[in-house]
Amino acid sequence: MAKQFDIVEEIVTANRILANEGIVDSFGHVSVRHPKRPDRYLLSRARAPERIEASDIVEFTLEGDPIDAKNAKTTHAPYTERFIHGAIYESRPDIHSVVHNHSPSTIPFGITSTKLKPLLHMCASIGHDVPLWDSHDEFGDTALLVNSMAMGRDLAKRPGKGRSALMRGHGAVVAGTSIRHSVFISIYLEVNAKLQMQAMQMGKIKHLTKGEIDAVIARTGPYTLNRAWENWARRAGRPMQAAD
Ligand SMILES: [Zn+2]
(Lines give C-alpha, C1' and ligand atoms only; values in the text may rest on other atoms or scores of the structure.)
Protein backbone atom coordinates (compact mmCIF):
# COMPACT_ATOMS: atom_id res chain seq x y z
CA MET A 1 0.00 0.00 0.00
CA ALA A 2 1.26 3.46 -0.82
CA LYS A 3 2.46 5.50 2.14
CA GLN A 4 -0.03 8.19 3.20
CA PHE A 5 0.76 11.71 2.15
CA ASP A 6 2.38 13.48 5.10
CA ILE A 7 1.95 17.27 5.08
CA VAL A 8 4.71 17.76 7.70
CA GLU A 9 7.23 15.86 5.56
CA GLU A 10 6.10 17.93 2.58
CA ILE A 11 6.74 21.25 4.37
CA VAL A 12 10.17 20.01 5.50
CA THR A 13 10.97 19.17 1.87
CA ALA A 14 9.74 22.61 0.78
CA ASN A 15 12.16 24.27 3.21
CA ARG A 16 15.07 22.16 2.02
CA ILE A 17 14.28 22.81 -1.64
CA LEU A 18 14.03 26.57 -1.17
CA ALA A 19 17.36 26.57 0.68
CA ASN A 20 19.06 24.32 -1.86
CA GLU A 21 17.87 26.45 -4.79
CA GLY A 22 19.12 29.66 -3.15
CA ILE A 23 15.65 31.18 -2.64
CA VAL A 24 16.05 31.36 1.14
CA ASP A 25 19.29 31.51 3.14
CA SER A 26 19.37 31.50 6.93
CA PHE A 27 16.11 33.46 6.79
CA GLY A 28 12.80 33.13 4.99
CA HIS A 29 10.00 30.61 5.53
CA VAL A 30 7.26 28.52 3.92
CA SER A 31 3.92 27.56 5.46
CA VAL A 32 0.89 25.46 4.59
CA ARG A 33 -2.72 25.93 5.62
CA HIS A 34 -3.75 23.11 7.97
CA PRO A 35 -5.42 20.46 5.78
CA LYS A 36 -8.23 19.83 8.31
CA ARG A 37 -8.42 23.21 10.07
CA PRO A 38 -8.54 26.06 7.54
CA ASP A 39 -8.26 28.51 10.46
CA ARG A 40 -4.74 27.29 11.25
CA TYR A 41 -1.43 26.89 9.45
CA LEU A 42 1.78 24.90 9.84
CA LEU A 43 5.16 26.63 9.91
CA SER A 44 8.57 25.77 11.33
CA ARG A 45 9.87 27.20 14.57
CA ALA A 46 12.41 29.97 13.97
CA ARG A 47 15.24 28.10 12.30
CA ALA A 48 17.26 28.27 9.06
CA PRO A 49 15.22 26.43 6.37
CA GLU A 50 18.11 24.14 5.42
CA ARG A 51 18.19 22.75 8.99
CA ILE A 52 14.47 22.14 9.49
CA GLU A 53 13.23 18.71 10.64
CA ALA A 54 9.69 17.37 11.08
CA SER A 55 9.88 18.01 14.84
CA ASP A 56 10.34 21.76 14.16
CA ILE A 57 6.93 22.20 12.54
CA VAL A 58 4.44 24.13 14.70
CA GLU A 59 0.70 24.79 14.36
CA PHE A 60 -0.54 28.41 14.52
CA THR A 61 -3.88 30.20 14.52
CA LEU A 62 -4.31 32.68 11.68
CA GLU A 63 -3.55 35.42 14.25
CA GLY A 64 -0.06 33.91 14.65
CA ASP A 65 -0.58 32.38 18.10
CA PRO A 66 1.11 29.00 18.55
CA ILE A 67 -1.33 26.24 19.59
CA ASP A 68 1.31 24.86 21.97
CA ALA A 69 2.12 28.08 23.85
CA LYS A 70 4.44 26.36 26.33
CA ASN A 71 6.68 24.96 23.61
CA ALA A 72 6.79 28.36 21.93
CA LYS A 73 8.26 29.85 25.10
CA THR A 74 10.95 27.19 25.44
CA THR A 75 12.25 25.13 22.54
CA HIS A 76 10.04 26.30 19.66
CA ALA A 77 10.29 30.09 19.46
CA PRO A 78 8.31 31.29 16.41
CA TYR A 79 9.48 33.41 13.48
CA THR A 80 8.98 37.14 14.09
CA GLU A 81 7.42 37.47 10.64
CA ARG A 82 4.89 34.61 10.92
CA PHE A 83 2.07 37.21 10.63
CA ILE A 84 2.67 37.31 6.86
CA HIS A 85 1.26 33.80 6.57
CA GLY A 86 -1.91 34.11 8.67
CA ALA A 87 -2.81 37.45 7.11
CA ILE A 88 -2.71 35.97 3.61
CA TYR A 89 -4.69 32.85 4.60
CA GLU A 90 -7.25 35.10 6.28
CA SER A 91 -7.82 37.21 3.18
CA ARG A 92 -7.46 34.49 0.53
CA PRO A 93 -9.46 31.26 1.04
CA ASP A 94 -8.02 29.95 -2.26
CA ILE A 95 -4.45 30.05 -0.90
CA HIS A 96 -3.01 26.99 0.84
CA SER A 97 0.70 27.77 0.98
CA VAL A 98 2.72 30.94 1.50
CA VAL A 99 6.45 31.60 1.03
CA HIS A 100 8.29 34.62 2.39
CA ASN A 101 11.86 35.05 1.18
CA HIS A 102 14.66 37.53 0.61
CA SER A 103 15.35 36.14 -2.87
CA PRO A 104 18.36 38.23 -3.98
CA SER A 105 17.56 39.02 -7.62
CA THR A 106 14.09 40.34 -6.74
CA ILE A 107 15.45 43.03 -4.42
CA PRO A 108 16.50 45.56 -7.12
CA PHE A 109 12.92 45.57 -8.46
CA GLY A 110 11.62 46.57 -5.04
CA ILE A 111 13.87 49.62 -4.73
CA THR A 112 13.73 51.03 -8.28
CA SER A 113 10.91 51.98 -10.63
CA THR A 114 11.60 48.98 -12.89
CA LYS A 115 8.65 46.58 -12.78
CA LEU A 116 9.25 42.86 -12.51
CA LYS A 117 7.18 41.15 -15.23
CA PRO A 118 7.21 37.68 -16.81
CA LEU A 119 9.59 37.30 -19.75
CA LEU A 120 10.01 33.51 -19.88
CA HIS A 121 7.19 30.98 -20.33
CA MET A 122 8.18 29.10 -17.15
CA CYS A 123 7.83 32.34 -15.20
CA ALA A 124 4.24 33.14 -16.19
CA SER A 125 3.08 31.75 -12.83
CA ILE A 126 4.46 34.80 -11.02
CA GLY A 127 1.39 36.66 -12.38
CA HIS A 128 0.76 39.47 -14.86
CA ASP A 129 2.69 41.87 -12.72
CA VAL A 130 4.32 41.76 -9.31
CA PRO A 131 2.99 44.55 -7.07
CA LEU A 132 5.23 46.29 -4.58
CA TRP A 133 4.52 46.72 -0.86
CA ASP A 134 6.45 49.43 0.96
CA SER A 135 6.22 49.09 4.74
CA HIS A 136 7.21 52.75 5.06
CA ASP A 137 3.96 53.96 3.45
CA GLU A 138 1.81 52.92 6.43
CA PHE A 139 4.30 52.20 9.20
CA GLY A 140 7.12 54.70 8.72
CA ASP A 141 10.62 53.90 9.95
CA THR A 142 10.67 50.30 11.15
CA ALA A 143 13.20 47.46 11.05
CA LEU A 144 11.18 46.42 7.94
CA LEU A 145 10.09 43.18 9.62
CA VAL A 146 6.41 42.21 9.41
CA ASN A 147 6.07 41.74 13.17
CA SER A 148 2.34 42.30 13.72
CA MET A 149 -1.02 41.31 12.21
CA ALA A 150 -1.54 44.97 11.29
CA MET A 151 1.55 44.85 9.07
CA GLY A 152 0.67 41.38 7.78
CA ARG A 153 -2.82 42.50 6.79
CA ASP A 154 -1.50 45.58 5.03
CA LEU A 155 1.00 43.44 3.10
CA ALA A 156 -1.67 40.81 2.30
CA LYS A 157 -3.62 43.43 0.31
CA ARG A 158 -0.75 43.81 -2.12
CA PRO A 159 -0.79 40.53 -4.06
CA GLY A 160 -4.51 41.24 -4.57
CA LYS A 161 -5.88 38.20 -6.37
CA GLY A 162 -2.36 37.52 -7.69
CA ARG A 163 0.42 35.17 -6.74
CA SER A 164 3.27 37.35 -5.59
CA ALA A 165 4.36 40.75 -4.30
CA LEU A 166 7.69 42.40 -3.61
CA MET A 167 8.55 44.03 -0.29
CA ARG A 168 10.66 47.18 -0.62
CA GLY A 169 14.21 46.73 0.71
CA HIS A 170 13.30 43.34 2.15
CA GLY A 171 12.12 40.51 -0.11
CA ALA A 172 9.01 38.94 -1.53
CA VAL A 173 5.87 37.02 -0.66
CA VAL A 174 4.34 34.25 -2.75
CA ALA A 175 0.85 32.75 -2.44
CA GLY A 176 0.08 29.33 -3.94
CA THR A 177 -2.71 26.77 -4.05
CA SER A 178 -0.37 24.08 -2.65
CA ILE A 179 3.14 23.78 -1.22
CA ARG A 180 4.46 22.64 -4.60
CA HIS A 181 2.79 25.60 -6.27
CA SER A 182 4.21 28.25 -3.89
CA VAL A 183 7.70 26.74 -4.13
CA PHE A 184 7.44 26.62 -7.93
CA ILE A 185 6.44 30.29 -8.15
CA SER A 186 9.15 31.33 -5.67
CA ILE A 187 11.88 29.65 -7.71
CA TYR A 188 10.67 31.12 -11.00
CA LEU A 189 10.26 34.57 -9.45
CA GLU A 190 14.00 34.53 -8.77
CA VAL A 191 14.74 33.12 -12.27
CA ASN A 192 12.66 35.86 -13.92
CA ALA A 193 14.29 38.62 -11.87
CA LYS A 194 17.79 37.43 -12.75
CA LEU A 195 16.97 37.10 -16.47
CA GLN A 196 15.26 40.48 -16.54
CA MET A 197 18.35 42.18 -15.10
CA GLN A 198 20.53 40.43 -17.71
CA ALA A 199 18.16 41.34 -20.56
CA MET A 200 18.06 44.97 -19.44
CA GLN A 201 21.79 45.19 -20.21
CA MET A 202 21.06 44.16 -23.80
CA GLY A 203 18.16 46.41 -24.76
CA LYS A 204 14.39 46.76 -24.70
CA ILE A 205 12.65 43.67 -23.35
CA LYS A 206 9.69 41.99 -25.02
CA HIS A 207 7.77 40.57 -22.05
CA LEU A 208 5.14 37.85 -22.32
CA THR A 209 1.77 39.22 -23.42
CA LYS A 210 -1.27 39.05 -21.16
CA GLY A 211 -2.72 36.29 -23.37
CA GLU A 212 0.52 34.30 -23.26
CA ILE A 213 0.64 34.54 -19.48
CA ASP A 214 -2.97 33.32 -19.21
CA ALA A 215 -2.29 30.46 -21.65
CA VAL A 216 0.77 29.26 -19.69
CA ILE A 217 -1.02 29.52 -16.33
CA ALA A 218 -3.97 27.51 -17.73
CA ARG A 219 -1.68 24.60 -18.56
CA THR A 220 0.46 24.68 -15.41
CA GLY A 221 -1.07 21.82 -13.43
CA PRO A 222 0.08 18.86 -11.33
CA TYR A 223 2.18 17.40 -14.16
CA THR A 224 4.43 20.48 -14.31
CA LEU A 225 4.55 21.02 -10.55
CA ASN A 226 5.33 17.37 -9.80
CA ARG A 227 8.00 17.11 -12.48
CA ALA A 228 9.81 20.13 -11.04
CA TRP A 229 9.24 19.00 -7.44
CA GLU A 230 10.76 15.56 -8.07
CA ASN A 231 13.89 17.13 -9.48
CA TRP A 232 14.25 19.77 -6.75
CA ALA A 233 13.44 17.30 -3.93
CA ARG A 234 16.03 14.77 -5.11
CA ARG A 235 18.57 17.54 -5.56
CA ALA A 236 17.93 18.59 -1.93
CA GLY A 237 18.37 14.97 -0.76
CA ARG A 238 14.67 14.49 0.04
CA PRO A 239 12.28 11.77 -1.18
CA MET A 240 9.25 12.74 -3.25
CA GLN A 241 5.84 11.81 -1.89
CA ALA A 242 3.05 10.83 -4.29
CA ALA A 243 0.48 13.63 -4.56
CA ASP A 244 -2.32 14.48 -7.02
ZN1 LIG B 1 11.75 38.80 5.92
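1. A contact here means heavy atoms within 4.5 Å. On that basis, among the contacts in the protein with a separation of 6 or more, 68% are between residues 24 or more positions apart. The model is predicted.

2. On overall content, the protein has nine helices and seven strands. Its radius of gyration is 17 Å, close to the 18 Å that the globule rule gives for 244 residues, so the protein is as compact as a globular protein of that length. The C-alpha trace spans about 55 × 50 × 30 Å along its principal axes.

3. On burial and surface, 48% of the 244 residues count as buried. The accessible surface of the protein is about 12,000 Å², and 53% of that belongs to carbon and sulfur atoms.

4. On charge, there are 31 positive and 27 negative side chains in the protein. The centres of these two sets lie 3 Å apart.

5. On the sheet, strands pair through backbone hydrogen bonds, in a parallel or an antiparallel way. In this model seven strands form an open sheet with mixed pairing, and their order is E3-E2-E1-E4-E7-E6-E5. Strand E3 (57–61) and strand E5 (132–133) are the edge strands, each of which pairs on one side only.

6. Strand E2 (residues 40–44) pairs with E3 in the antiparallel sense, over five bridges. A reader who wants to locate this pairing in the structure can look for Leu 42, whose bridge partner in E3 is Glu 59.

Key:
Residues numbered from 1 in each chain as written. Predicted model: local features only at pLDDT ≥ 70, side-chain atom pairs only at ≥ 80, totals over all residues. Heavy atoms only, no water. Helix = DSSP H or I, 4+ residues; strand = E, 2+ residues; numbered from the N terminus. Rg over C-alpha atoms; globule rule 2.2 N^0.38 Å. Buried < 20%, exposed > 50% of the residue type's maximum accessible area, 1.4 Å probe, protein only. Areas by Shrake-Rupley, 256 points an atom, 1.4 Å probe, with all protein chains shown as cover. Lys, Arg positive; Asp, Glu negative; His and termini not counted. Charge placed at Lys NZ, Arg CZ, Asp CG, Glu CD. Pairing = 2+ DSSP bridges.
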